[in-house]
Amino acid sequence: MASDAVAGTAVVDSVADVGALPDIARREPGGWLVPAAAALVVAALPFFVSPYGQDLVLRIAVYAIFALSLELLVGATGLVSLGHAAFLGIGAYATVLGSGSDGASLAWLLPLAVAAAAAYAVVVGALSLRTRGVYFIMVTLAFAQMAYFVVHDTKAAGGSDGIFLYAKPTLAIGSTTLVDLGNRAALYYAVLVALAFTYAFIAMLLASRFGHALAGIRVNEQRMRAAGFATTPYKLAAFVVAGALAGLAGFLLAVKDGAVNPELLSWHESGAVLLMLIFGGIGSLRGAVLGAVTFTLLKELFQSEALLGPLAPHWQLTLGLTIIAFVAALPRGLIGIGAQLRALARERAARAARNAA
Amino acid sequence: MDLATFLVQCLNAVQYGLLLFLVASGLTLIFGIMGVINLAHGSFYMLGAYLAFALAPWFGDWFVTRLVAGVALAAIFGYLLEWAFFSFLYERDHLQQVLLTYALILVFEELRSILVGNDVHGVPAPSWLGGGFRLGSLMEYPWYRVFASAACLVVALALYAVVQKTRLGMMIRAGASNRDMVRGLGVDIRRLYRIVFAGGVALAALAGMIAAPLSSVYPNMGASVLIICFVVVVIGGIGSITGALIASLLVGFVDTFGKVFFAEWSGVGIYLLMAIVLIWRPEGLMKRGF
C-alpha cells in the first residue's frame, strides 16, 4: 500500500496549501451540537406552528436535502453542475410513475426513486466528466434539459401538465401499517429524518478517505493523479451519490406535493439550488442548509402580496437584483460573514500598524 | 417522404442552423476571449425579437433598415452592459459568473414582462418578401425563409472576413489563444473586450430580429435558444467559429429531421448528438482553431 501512503501525504499537503479557503472536511465550530440542536427545534415546531408554516418548513427541509446533495459536488469536489434538477425531477417522476393508482409500499418505492436518479447520474456523469470547467457546466445543463424534454413531450410522463400521485406510499408489515406518509405528522418527521440522515451521511463521507480524496481533487487534480489516484472514478462516485440523494429529495417532494410537473427538472431549479449553496456559503454543510432556508424564505417574501404589495407580481426582478447584490457583496455566503469580517478587521489593523510605524 | 418534402426539410434545417450560428458564434467568442460564461446570452436573442416587434410600426416595409437600426441599438446596449456589469465578472470564478448572469436573466425577463407584457405577439414579414416559390407539385417554400438563410450566410461570411482578414480579427484570434500575451503586447484589452461583447450582443439580437416573423415573440424565448447554443458550442469546440458553424448546421439537421421522424422523442436528438461527440472528441470538433 505504498502508493496509498504517498497519496495520503499529498492530500494533506494540498489541503494545507489552501489553509485560508473554507474546507468542508474541517470541523465547524460547535461540532455536532449545532445541527443536533437545530434538528430538535425543528422537531418541536409542529406543536407551535400553523399548517401553512409546517408546509413551509417541509419545503425548506426537502430543498435542504437537495442543496446538501449538490454541495457534495460543488463544495467538496469542485464540480459546478448546472443540471442537478434533473435528478430531483427523475426521483419525483419515478415515485409517481412507480406508485400507480393504488399506492405502493415505501419499502420499494423509495429505493426505486433513488435508483432511477442514480442510474441517470451514472450516464450523465460518465459523459460530462470527460469535460471540465465551463464545458462541464454546459454539458450538465444540456443533459438536464434532455430529461426535461422527455417528461415534457411524452404522453407517458403526463406532458406539460405533469401527473398526480393518487395514493401516498405506506410501510406495512402484514396488516399493520407502520408508516403512512399520507398522514401529515408522519410525513413531517419522515422528511426530518431524511434530512438528518443526508446531513450525517455526507458529513461522514467527507471525513472518510473518500472525502479527503475529493478534497484533493478539488484543490489540485493534477497532483492527485500524479500521486497515483485515478481521479475519474472518484468524481463519478461523487456525482452518482449526489444524484441519488437528489433523487431522495425528489421522492419526498413528490409525496409532499402529491403531484409532479416538468418544471421540477427545469434549469431554473438547477440555478436555484446553486444559489442556495452560494447564499449559505460553499464549502460548508451548514451553509447548504442555511442557504436553502434563506433562498426559500426570500422567494416567499418577494412573492408575498401582503408584504410587498404591487411589487409581488414582479418578484423575479427583486429576486434577481438581490442575487446580484448578494453574490457581489458576500461571495462566501452567510456562513462566511464572520471570516469576511475578521479578514477586514485584520486588514484594517495591519494598515493602522503601518500608518503608526 | 418524397423529394420535394425532403428538400423543404433540408432548407428548413439549413435556415435553423444558420440562425443558431449567429447566436452561438457570439457566445463562443465571448467565452473564448473573455473567459466569461454568459447565461444571459439568450436574453439578447429575445431582445432582438422584441426590438423587431417594437420597431415594426415605425419602419413598415423598410425591413433592412429596421434590421440595421435594431442591430445598432443592440450593439450600443451591449457596449453599455459590458461597461456596467460584465467587466466586473472577469476576475470571478465560473460559479459566480453563472449565478450573476442567471440573476440577469430574471431581471431581463421581468423587465420584458413590465414593458411589453406576457402575451405572444406576431411580427409581420415585409410584404415584398411575401409568398414563396413552388417546389414540386404541392409544396411552396416561403421567400422570407430564403431571405433569412441568405442574410445569416452573409453575416457569417462577414464575420469570417473580419476575424481572418482584419487587424481587429487578428487581435480577437490572439486574445482567444493567449489573453495575457496580448495584454503584454500593449493591446487595450478592455476596449477589445467591449467591442467583442457588443458584437456578440448584436449578432444574437440580429438572429432574434430575423427569427421574429417566423417564430413570433413570446416570454422565455431566450432560454431555449441559449441551451441549444450551449450544445452547439460544446459540439463545435469553445472559442472556434468554424466549429460553431459546423455544429450549428449539424444541430439544425438533427433537430429538423428528428421532428419529422420521431415526433414525441425529437427533443432528445441533439443531446444524443452531443453525447456522441463527447465520447468521440471531448474537446469538440474543432479544438481552438478558428
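Which residue takes a positive phi in the hairpin of β1(B) and β2(B)? The residue is B:Gly136, with a phi near 70°.

**Model and confidence**

The structure is a predicted model. For the complex, the predictor gives an ipTM of 0.86 and a pTM of 0.87. Chain B has a mean pLDDT of 86, and 99% of its residues reach 70 or more.

**The hairpin of chain B**

Strand β1(B) covers residues 132–135 and strand β2(B) covers residues 139–142. The two strands run antiparallel and are joined by four bridges. B:Leu135 of chain B stands opposite B:Met139 in β2(B). Three residues lie between the strands, and B:Gly136 is the residue with the positive phi in this hairpin.

**Chain B as a whole**

Chain B contains eleven helices and two strands. Read from the N terminus, the order of its elements is α-α-α-α-β-β-α-α-α-α-α-α-α. The radius of gyration of chain B is 19 Å, and the globule rule gives 19 Å for 290 residues, so chain B is as compact as a globular protein of that length.

The C-alpha trace of chain B spans about 65 × 50 × 35 Å along its principal axes. Of its 290 residues, 48% count as buried. Among the contacts in chain B with a separation of 6 or more, 79% are between residues 24 or more positions apart.

Most residues other than glycine have a negative phi. In chain B, the loop between α8 (189–215) and α9 (221–236) holds B:Ser216, and B:Asn220 is found in the loop between α8 and α9 as well. B:Ser216 is not a glycine, yet its phi is positive, at about 60°. B:Asn220 is likewise a residue other than glycine, and its phi is positive and near 60°.

Are these residues buried, exposed or partly exposed? B:Ser216 is partly exposed, with 14 other C-beta atoms within 10 Å. B:Asn220 is also partly exposed, and it too has 14 other C-beta atoms within 10 Å. A residue would need 20 or more such atoms to count as buried, and 12 or fewer to count as exposed.

**Chain A as a whole**

The secondary structure of chain A consists of 15 helices and four strands. Its radius of gyration is 21 Å, close to the 21 Å that the globule rule gives for 357 residues, so chain A is as compact as a globular protein of that length.

Along the principal axes, the C-alpha trace of chain A spans about 75 × 55 × 40 Å. Of the 357 residues in chain A, 45% count as buried. Residues 24 or more positions apart make up 78% of the contacts in chain A with a separation of 6 or more.

**A hairpin in chain A**

Strands β2(A), residues 170–173, and β3(A), residues 176–180, run antiparallel and are joined by four bridges. A:Thr170 stands opposite A:Asp180 in β3(A). The two strands form a hairpin with two residues between them. In the turn, A:Gly174 has a positive phi of about 60°.

**Where the chains meet**

How many residues of chain A are in contact with chain B? There are 36, and they touch 30 residues of chain B. On the chain A side, α6 (134–153), α11 (267–280) and α14 (315–329) each supply at least two residues. The largest share comes from α6(A), with 13 residues. By type, the residues on this side of chain A are 26 nonpolar, eight polar and two charged.

**Helix α14 of chain A**

Helix α14(A) is one of the helices that supply residues to the side touching chain B. It has 15 residues and reaches 21 Å from its first C-alpha to its last, close to the 21 Å expected at 1.5 Å a residue.

Which residues of α14(A) are buried? They are A:Gln316, A:Thr318, A:Leu319, A:Gly320, A:Ile323, A:Ile324, A:Phe326 and A:Val327. An α-helix has 3.6 residues a turn, so residues three or four places apart point the same way. The cover over the buried residues of α14(A) includes α11 and α12 (285–302) of chain A. It also includes α4 (94–115) of chain B.

Terms used:
Residues are numbered from 1 along each chain as its sequence is written. Chains are lettered from A and ligands numbered from 1 in the order in which they are written. This is a predicted model: local features need pLDDT of at least 70, side-chain atom pairs count only at pLDDT 80 or more; totals for chains, interfaces and linings use all residues. Two residues are in contact if their C-beta atoms, placed from the backbone, lie within 7 Å. Ala, Val, Leu, Ile, Met, Phe, Trp, Tyr, Cys and Pro count as nonpolar, Asp, Glu, Lys and Arg as charged, and the others, Gly among them, as polar. The radius of gyration is taken over C-alpha atoms; the globule rule is 2.2 Å times the number of residues to the power 0.38. Two strands pair if DSSP finds at least two bridges between them. The expected span of a helix is 1.5 Å times one less than its number of residues. pLDDT is the predictor's confidence in each residue, from 0 to 100.
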